[in-house]
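Here is a short report for a first look at this structure. Please keep the sequence and the 3D view at hand while reading.

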Amino acid sequence: MNFSEKMTELDKILRKLEGDAIPLEDALSEFEKGIGLVRDCRAYLEEAKQKVALLTDDGEVPFDPHKKEDA
């Protein structure tokens, strides 16, 4: 399963958990699947970030959306 498919599956799980009441056992199972998918996606994003850093001249990621720029 690729990154986009994992994100789609996470969306389905979220909708299921936010939707109608489901048995606790099912909710826990879906939650567990979701946590696994989140971990996989985070690992993929971290790997992608490292690749980008290696490909830039100074080893820095060229754009960090969380970094405040000096005005």
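## A term to start with

A residue counts as buried when its relative accessible area is under 20%. Over 50% it counts as exposed, and in between as partly exposed.

## The chain as a whole

This is a predicted model. The protein chain has two helices and zero strands. Of its 71 residues, 13% are buried. The chain exposes about 6400 Å². Carbon and sulfur atoms supply 54% of that area.

## How the two helices pack

Two packed helices are described by the angle between their axes and the distance between the axes. Here, helix H1 covers residues 3–18 and helix H2 covers residues 24–55. They pack at an angle of about 150 degrees. Their axes are 9 Å apart. Angles over 145 degrees count as roughly antiparallel, so H1 is roughly antiparallel to H2. The crossing of H1 and H2 is left-handed.

Which residues meet where H1 and H2 pack? From H1 come Phe3, Lys6, Met7, Glu9, Leu10, Ile13, Lys16 and Leu17. From H2 come Ala27, Glu30, Phe31, Lys33, Gly34, Leu37, Val38, Asp40, Cys41, Tyr44 and Leu45. By class, this contact of H1 with H2 has twelve nonpolar, one polar and six charged residues.

Lys6 is found in helix H1. Is Lys6 buried or exposed? Its relative accessible area is 17%. The cut-off for buried is under 20%, so Lys6 is buried.

What does Lys6 touch, leaving aside its neighbours within four places in sequence? Its contacts are Met1, Leu37, Asp40 and Cys41. Among them, Leu37, Asp40 and Cys41 are H2 residues that meet H1.

Glu30 is found in helix H2. Its relative accessibility is 9%, so Glu30 counts as buried. Not counting residues up to four places away in sequence, Glu30 touches Ile13, Lys16 and Leu17. These contacts belong to the H1 side of the packing.

## Leu17: a partly exposed contact

Leu17 lies in helix H1. At 34% relative accessibility, Leu17 counts as partly exposed. Not counting residues up to four places away in sequence, Leu17 touches Ile22, Ala27, Glu30 and Phe31. Of these, Ala27, Glu30 and Phe31 are listed on the H2 side of the packing.

How far apart are Leu17 and Phe31 in sequence and in space? They are 14 residues apart in sequence. C-alpha to C-alpha, Leu17 and Phe31 are 8.0 Å apart in space.

Technical notes
Residues are numbered from 1 along each chain as its sequence is written. This is a predicted model: local features need pLDDT of at least 70, side-chain atom pairs count only at pLDDT 80 or more; totals for chains, interfaces and linings use all residues. Side-chain values use heavy atoms; hydrogens and water are left out. Axes are lines fitted to C-alpha atoms, for helices over the stretch in contact, and angles run from 0 to 180 degrees between N-to-C directions. Helices (H or I, at least four residues) and strands (E, at least two) are DSSP runs, numbered from the N terminus. Angles under 35 degrees count as roughly parallel, over 145 as roughly antiparallel, 65 to 115 as roughly perpendicular and the rest as oblique. A crossing is left-handed if the near helix is turned anticlockwise from the far one by less than a right angle, and right-handed if clockwise. Contact means heavy atoms within 4.5 Å. Ala, Val, Leu, Ile, Met, Phe, Trp, Tyr, Cys and Pro count as nonpolar, Asp, Glu, Lys and Arg as charged, and the others, Gly among them, as polar. Buried means under 20% relative accessible area, exposed over 50%, partly exposed in between (1.4 Å probe, protein chains only). Accessible areas come from the Shrake-Rupley method with a 1.4 Å probe; for residues, only the protein chains shown count as cover.
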